[in-house]
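Here is a short report on one protein chain. Its sequence and fold are shown next.

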Amino acid sequence: MSLSDADVQKQIKHMMAFIEQEANEKAEEIDAKAEEEFNIEKGRLVQQQRLKIMEYYEKKEKQVELQKKIQSSNMLNQARLKVLKVREDHVKNVLDDARKKLSEISRDQGKYAGLLKLLISQGLYQLVETTVVIRARQADHPLIESLLPEIQDTYKEHTKKEATLKLDQDNYLAADSCGGVELLAHKGRIKIVNTLENRLELIAQQLIPEIRTALFGRNVNRKFTD
């Protein structure tokens, strides 16, 4: 039995409809899979970029924090240096006041004469030389000359040795110095400095820790006071 043209056309249409349905289903399947893969890749890229952004800002935050610490440390150090500078200025002012008062000692000839006698005698006992040159302020020469005989006699009495003391007539201590003497032997190769400024400096080095404590209180962080 042969099929009519109408039956053939019907079967062809049926087959075409089936093929088209399968093609549509396959296309939908491909679209769904493509969309799923797109969403997965999009999510991966978004997460990757999110992590990069987070890492970037975490790094920036650490840099900012480090910069804040450095700046804070620098400011703290600057503040400490300023405090130390102010403290040292106060100590210097105390020592400057002491120097001003020291310059007034020579005005009292009685006290100054006794002080000169001690300074010259101390230098003699340190040098233990037979010939010693004394350098002083030019204005102090008359006073020192009046003291030399007694100083030499006392030295001889204590050491059983002679000492010839001479005033330096060519070189003097500065006129604006506080006073005192320098003792020289062996043409100046040996020198004892017993000026009032020098003695103040020696005492100041020993007393500066005590001066700081008196002015600012004890430093709890300081283990040593020298």
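## Helix α1 and its surface

M16 lies in helix α1, which covers residues 5–102. Helices (H or I, at least four residues) and strands (E, at least two) are DSSP runs, numbered from the N terminus. This is a predicted model, in which local features need pLDDT of at least 70, side-chain atom pairs count only at pLDDT 80 or more, and totals for chains, interfaces and linings use all residues. Residues are numbered from 1 along each chain as its sequence is written, and side-chain values use heavy atoms, with hydrogens and water left out.

M16 is exposed, at a relative accessible area of 54%. Buried means under 20% relative accessible area, exposed over 50%, and partly exposed in between (1.4 Å probe, protein chains only). Together V8, I12 and M16 make a nonpolar surface patch of about 250 Å². Patches take residues with over 30% relative accessible area and no salt bridge; like charges are joined within 9 Å, nonpolar side chains (Val, Leu, Ile, Met, Phe, Trp, Tyr) within 5 Å.

## Overall make-up

The protein has four helices and four strands. From the N terminus, the order is α-α-β-α-β-β-β-α. Of its 226 residues, 22% are buried. The accessible surface comes to about 17,500 Å², and carbon and sulfur atoms hold 55% of that. Areas come from the Shrake-Rupley method with a 1.4 Å probe; for residues, only the protein chains shown count as cover.

Contact means heavy atoms within 4.5 Å. Among contacts with a separation of 6 or more, 74% join residues 24 or more positions apart.

Helix α2 spans residues 109–127, 19 residues in total. The expected span is 1.5 Å times one less than the number of residues. V128 follows α2 with a positive phi, near 50°.

The buried residues of α2 include Y112, L116, I120 and L124. S121 is also in α2, and is buried at 17% relative accessible area. S121 and T154 are 33 residues apart in sequence, yet 8.6 Å apart in space, C-alpha to C-alpha.

The largest nonpolar core has 26 residues, and I120, L124, I144, L165, V181 and L183 have the most contacts inside it. At least two core residues each come from α2, β1 (131–135), α3 (141–159), β2 (164–167), β3 (180–185) and α4 (196–216). Helix α2 gives the most, with seven. A nonpolar core is a set of buried Ala, Val, Leu, Ile, Met, Phe, Trp, Tyr and Cys residues joined through side-chain atoms within 4.5 Å. Beyond its neighbours within four places in sequence, I120 touches I134, I144, I151, L165, V181 and L183.

## Salt bridges

A salt bridge is a side-chain nitrogen of Lys or Arg within 4 Å of a carboxyl oxygen of Asp or Glu. The count is six. One of them pairs E41 with R44, with the closest N and O atoms 2.5 Å apart. The two are three residues apart in α1, about one helical turn. E41 is partly exposed at 34%, as is R44 at 42%.

R135 bridges to D168 at 3.2 Å between the closest N and O atoms. R135 lies in β1 and D168 in the loop between β2 and β3, so the pair ties together parts 33 residues apart in sequence. D168 is buried at 9%. E182 also bridges to R135, at 3.7 Å. E182 is in β3 and R135 in β1, so this pair ties together parts 47 residues apart in sequence. E182 and R135 are both buried. Shared partners join R135, D168 and E182 into one network.
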